[in-house]
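Thanks for coming. I have one structure to go through today, and I will take it piece by piece. Please have the sequence and the model open while I talk.

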Amino acid sequence: MEKGSLVLIDLSGRVKETGEVIETNVEADAKKFGVFDEAKKYEPRLVAVGEDWVLKGLDEAIISAKLNKRIVLDIHPEKAFGARDPNKVRRIPLRKLGEKAAELRVGDEVEIDNRIGLIRFIGSGRAQIDFNHKYAGKVLTYDFKISKELTTAYEKSMSLLRRRLPVEEGKVSLIIKNDELTISIPKEAYLTEGLQIIKKAASTDIFKYVGNVNKVTYLEIYESQKPKKPKKPKKPKKPKKPKNTPKRKVNTKKAQPLPKTEKRKQGNRKSS
């Protein structure tokens with residue numbers, strides 16, 4: 001695969017030593033490992049090859065992978081979440097953890113000074129917080145397959161948008177004309193938190209990975225909720241008189257009385 005290519009991959013990652021599931025987008029694997037979530041939609045992940053969208057060790061393997069060929073590999077800490085750093089482990093007073101300090105247990109994650117840490121130990125009014133990544137120092141096993149390489153401008157644009165905005169493909173309309181892309185966003189996404197930032201980030205991705213698109217327009221259509229007034233029924237039209245119909249002539253002349261001589265002749269004819 002070339003650097004910058006957009007591909008869809010099926011993958012599952014676990015901690016090699018313990019078998020703990022790190023992530024999976026394969027429904028069958030989720031059920032197999034006992035982490036299946038009915039509320040989650042399992043579908044291939046979009047990855048820009050060689051662009052650090054995934055762990056370094058996984059990214060390097062994707063570059064040399066072939067379409068629809070399954071690969072299983074171990075990723076060591078230096079190409080995963082790094083080695084453990086003892087200097088990132090601190091002891092702090094429990095009172096600094098706030099009102100819910102008494103409810104915290106070993107293994108819980110906490111946020112302190114905008115950093116996420118894992119509680120390793122609690123005792124004597126103090127807590128040991130490990131600010132190393134959860135999987136730092138761990139060897140990871142990844143099982144993946146490239147299911148598709150995206151080639152058309154439509155496929156790339158749709159996938160890049162959905163990477164930022166979690167909406168169903170059938171509810172988004174994309175129209176590409178010349179170098180302009182018009183995106184109609186569904187109503188249920190209008191109130192998405194940080195929508196303007198999402199649109200900006202999606203546009204930046206599209207400009208980078210879809211070569212022939214230089215302008216992106218987003219459409220949000222709002223309609224009045226007022227009930228529409230019923231239309232008045234139209235009055236039936238009177239039938240039109242046919243044209244060029246000849247008018248019937250009426251004889252208005254009165255019959256002329258017969259002369260007396262004619263009357264006598266008619267009378268004689270009757271008597272005979």
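One definition before I start: the expected span of a helix is 1.5 Å times one less than its number of residues. Keep in mind as well that this is a predicted model.

With that, take helix H3, residues 153–164. H3 has 12 residues, and from its first C-alpha to its last it reaches 17 Å, close to the 16 Å expected. Which residues of H3 are buried? They are Ala-153, Lys-156, Ser-157, Met-158, Ser-159, Leu-160 and Leu-161. The cover over these buried residues includes strands S1 (6–15), S3 (45–48), S10 (173–177), S11 (180–184) and S12 (215–219), along with helix H4 (195–209).

For context, the protein chain has five helices and 12 strands. Of its 272 residues, 32% are buried. Among contacts between residues at least 6 apart in sequence, 60% join residues at least 24 apart.

Now the sheet next to this helix in my list. S10, S11 and S12 form an open sheet in that order, with mixed pairing. S10 and S12 are the edge strands, each pairing on one side only. On average, neighbouring strands here are turned by 15° against each other, direction ignored. S10 and S11 run antiparallel and are joined by five bridges. In one of the positions, Ile-176 has Leu-181 in S11 as its bridge partner.

How do the helices lie on these strands? H3 lies across S10, S11 and S12, at about 135° to S10. H4 lies across S11 and S12, and runs at about 145° to S12.

Next, the aromatic pairs. How many does the structure hold? The count is four, and I will describe two of them.

Start with Trp-53 and Tyr-209. Their ring centres are 5.7 Å apart and their planes stand at 80°, so the pair is edge-to-face. Trp-53 is in the loop between S3 and helix H2 (56–63), while Tyr-209 is in helix H4, so the pair ties together parts that are 156 residues apart in sequence. Why does Tyr-209 count as buried? Its relative accessibility is 10%, and the cut-off for buried is under 20%.

The other pair is Tyr-190 with Tyr-222, and this one is tilted, with 4.9 Å from centre to centre and 45° between the planes. Tyr-190 sits in the loop between S11 and H4, and Tyr-222 in the loop between S12 and helix H5 (260–271), so parts 32 residues apart in sequence are tied together by the pair. Are these two tyrosines buried or exposed? Tyr-190 counts as buried, at 13% relative accessibility. Tyr-222, in contrast, is exposed, with a relative accessible area of 59%.

Trp-53 comes up again with a charge. The charged end of Arg-163 sits over the Trp-53 ring, 3.5 Å from its centre.

Last, the hairpin. S1 and strand S2 (residues 21–24) pair in the antiparallel sense over three bridges. Ser-12 stands opposite Thr-24 in S2. Five residues lie between the two strands, and Gly-19 in that turn has a positive phi of about 80°.

That is what I have; I will take comments now.

Notes. Residues are numbered from 1 along each chain as its sequence is written. This is a predicted model: local features need pLDDT of at least 70, side-chain atom pairs count only at pLDDT 80 or more; totals for chains, interfaces and linings use all residues. Side-chain values use heavy atoms; hydrogens and water are left out. Helices (H or I, at least four residues) and strands (E, at least two) are DSSP runs, numbered from the N terminus. Buried means under 20% relative accessible area, exposed over 50%, partly exposed in between (1.4 Å probe, protein chains only). Contact means heavy atoms within 4.5 Å. Rings of Phe, Tyr and Trp (its six-membered ring) pair if their centres lie within 6.5 Å; planes under 30 degrees apart count as stacked, over 60 as edge-to-face and the rest as tilted. A charge sits over a ring if NZ of Lys or CZ of Arg is within 6 Å of the ring centre and within 35 degrees of the ring normal. Two strands pair if DSSP finds at least two bridges between them. Axes are lines fitted to C-alpha atoms, for helices over the stretch in contact, and angles run from 0 to 180 degrees between N-to-C directions.
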